[in-house]
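Welcome! Have a look at the chain and its ligand below, and then let us walk through them together.

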Amino acid sequence: MVKREDVNTTYLGRKFVVPKEVHPPVTITLLQRSVLKEVKNSDRVLDMGTGSGVNAILAASKSSNIIALDVNPFAVRCARKNAKLNGVSSRIKFLESDLFKNVDDKFDLIVFDPPFRWFKPRDVRERATADENFRTMRKFFKQVKKYLAEDGRVLICYGTIGDMNHFKYVLKKGKFTVKVLNKRELIRGKRKLLYYSYKLTLRSAEKPRTELRKILSC
Ligand SMILES: C[S@@+](CC[C@H](N)C(=O)[O-])C[C@H]1O[C@@H](n2cnc3c(N)ncnc32)[C@H](O)[C@@H]1O
């Protein structure tokens, strides 16, 4: 049943019904377009922090082997319903999990649109935007390699509305090869905000670090 306060929207050609407890798909389609471009038919995909299910549902245009998880039980329920609405339920498994806690597999593609802010979330809905002391972000980067298949890729977005220096620090510490896939500028009042979507791959010992240095200086 669609409640009056639900957000009912069409996004990149897919339908979404999103209750107030769940982060709706954002107007800036940076990461989502990267997902559509990067996902391959043969990819095992993990949509970390699935929210409305948007990235899993987009990935299902190609892959049929997808796990979509969220720490927010309302999001897991919402994503499951949206997958059904878009006719892709059979391609996606849904899990409630704090990061990788309930995951026991390896993936070719891991997608994450993380919370950007460092403060303590006041409720489960705010876990979409707030991450106390960047616990989730740090833990994600500490654990993600264990869940990546050989030649696995991570798609992640971040922006100057968050703490860009901290983000660059965790990327550097993670020793990934980093590529900027997409960049978008938004004007909010007098502020100019920059958003990026990145592709991370595991850096083999002999790969040059030039690109990482270039990214980290932007
Ligand atoms: C910015 S929202 C992105 C939602 C969706 N992927 C999208 O692109 O619209 C971040 C999502 O990550 C989830 N999240 C936050 N911390 C998490 C954690 N520790 N484990 C799993 N999911 C988490 C939030 O509940 C939220 O749904």
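## Around the first helix

The buried residues of helix α1 pack against α2 (54–59), β6 (107–112), β7 (148–159), β8 (176–188) and β9 (191–202). Packing here rests on contact, which is counted when the C-beta atoms of two residues, placed from the backbone, lie within 7 Å. Helices (H or I, at least four residues) and strands (E, at least two) are DSSP runs, numbered from the N terminus.

Which residues of α1 are buried? In this helix, residues 30–38, they are L31, Q32, S34 and V35. They sit on the same side of α1, because they cover an arc of only 160° around the axis. That arc is taken over the directions from the helix axis to the C-beta atoms. A residue is called buried if 20 or more other C-beta atoms lie within 10 Å of its own, exposed if 12 or fewer, and partly exposed in between, with C-beta atoms placed from the backbone.

## About the model

This is a predicted model, in which local features need pLDDT of at least 70 and side-chain atom pairs count only at pLDDT 80 or more, while totals for chains, interfaces and linings use all residues. Residues are numbered from 1 along each chain as its sequence is written.

## The chain as a whole

The chain holds six helices and nine strands. Its C-alpha trace spans about 55 × 45 × 30 Å along the principal axes. For 218 residues, a compact globule would have a radius of gyration near 17 Å, and the chain agrees with its 17 Å. This radius is taken over C-alpha atoms, and the globule rule is 2.2 Å times the number of residues to the power 0.38.

Of the 218 residues, 37% are buried. Among contacts between residues at least 6 apart in sequence, 64% join residues at least 24 apart.

## The ligand and its shell

How many residues surround the ligand? There are 20, and the closest are G49, G51, V71, N72 and A128. A residue is near a molecule if its C-beta atom, placed from the backbone, lies within 6 Å of it.

The shell divides into eight nonpolar, eight polar and four charged residues. In this grouping Ala, Val, Leu, Ile, Met, Phe, Trp, Tyr, Cys and Pro count as nonpolar, Asp, Glu, Lys and Arg as charged, and the others, Gly among them, as polar.

Helix α3 (residues 73–85) has 13 residues and reaches 19 Å from its first C-alpha to its last, close to the 18 Å expected at 1.5 Å a residue. The expected span is 1.5 Å times one less than the number of residues. Its buried residues are A75, V76, C78, A79, N82 and A83. Seen down the axis of α3, they fall within an arc of 165°, so they line one face of the helix. What covers them includes β2 (14–18), α2, β4 (65–70) and β5 (92–96).

In α4 (135–143), the buried residues are T136, M137, F140 and F141. They are on the same side of α4, because their arc around the axis is only 125°. The cover over these residues includes β6 and α5.

## Residues worth a visit

Not counting residues up to four places away in sequence, V54 touches Y11, F16, P25 and Q32. V54 and Y11 are 43 residues apart in sequence, and 8.5 Å apart in space from C-alpha to C-alpha.

V124 is in the loop between β6 and α4, and counts as partly exposed with 15 C-beta neighbours inside 10 Å. Leaving aside neighbours within four places in sequence, V124 is in contact with E21, N72 and F74.

## Positive phi angles

Most residues other than glycine have a negative phi. D151, in strand β7, has a positive phi of about 65° although it is not a glycine. D151 is exposed, with 8 other C-beta atoms within 10 Å. K175 also has a positive phi, of about 55°, and is not a glycine. K175 lies in the loop between α5 (164–174) and β8, and is partly exposed with 14 C-beta neighbours inside 10 Å.

A glycine joins them: G87 follows α3 and has a positive phi near 70°. G87 lies in the loop between α3 and β5 and is exposed, with 12 other C-beta atoms within 10 Å.
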